[in-house]
Amino acid sequence: MAEDIEQAKRPVNAVLAGPYGHPFHPILVTVPIGAWVSSLVFDIGSRLVDDPGFLAKGSVWLIAIGVVGALAAALIGTLDLLAIPTGTPAFRTGLTHMSLNLVVTAAYVAGFFWRRAAAEGPVGIGPLVLSVVALAVLGASGYLGGKLAYHYGVRVAAESTQAAGYRSAARHGS
């Protein structure tokens, strides 16, 4: 069991996934999350202003940026998943996290094409609802991502490494 935990803390490929204690996946997920939350703000805004076209168009661009960011995060996240021993609760949680994220990304890809085919004007209620549902699923997936890191310690440095950040400089002659 201790070997399984240590395995899940180490990168499969440090160049691509990030070095020990500094995974790249959490950094990359900020791009789709930020882009997709912003696209929803633009969606709502497009329904409140007199000239909604620029907000609707901006939302489409934000969705596209989010999809590209999600694909990058998924590639690196897959490397982190491969570090987790199969057959464990952590691995099953990782698979569920990944699956939900793929569903969310597919929903945004569908939403992108739906919007591109729509007429000018405010974002329609259908694409807006799709974005709300996709963000809710993304929130559930984010909860599972947090569980992987904070509950199971996936790609988190061992406590012995973390302890160095709590040593007093006065006590250790630094």
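Predicted model: local features only at pLDDT ≥ 70, side-chain atom pairs only at ≥ 80, totals over all residues.
Residues are numbered from 1 along each chain as its sequence is written, and side-chain values use heavy atoms, with hydrogens and water left out. Local features need pLDDT of at least 70 and side-chain atom pairs count only at pLDDT 80 or more, while totals for chains, interfaces and linings use all residues.

Buried here means under 20% relative accessible area, exposed over 50%, and partly exposed in between, with a 1.4 Å probe and protein chains only.

Helix α4 contains the buried residues P32, A35, W36, S39, L40, D43, G45 and S46, and its buried residues pack against α3 (25-28), α5, α6 and α7. Leaving aside neighbours within four places in sequence, I63 is in contact (heavy atoms within 4.5 Å) with W36, S39, Y108, F112 and R115.

R115 lies in helix α6 and counts as buried because its relative accessibility is 9%. The side chain of R115 makes a polar contact with the side chain of S131 at 2.9 Å; such a contact is a pair of N or O atoms within 3.5 Å, and within protein one must be able to donate a hydrogen and the other to accept it, while residues adjacent in sequence count only if both atoms are side-chain atoms.

A search of the whole structure finds two aromatic pairs, that is, rings of Phe, Tyr and Trp (its six-membered ring) with centres within 6.5 Å, called stacked when the planes are under 30 degrees apart, edge-to-face over 60, and tilted for the rest. The rings of W36 and Y108 have centres 4.2 Å apart and planes at 10 degrees, so this pair is stacked; it links W36 in helix α4 with Y108 in helix α6, 72 residues apart. The rings of F112 and F113 have centres 5.2 Å apart and planes at 85 degrees, and the pair is therefore edge-to-face. F112 is buried at 19% relative accessible area, whereas F113 counts as exposed at 56%.

Definitions and conventions. Helix = DSSP H or I, 4+ residues; strand = E, 2+ residues; numbered from the N terminus.
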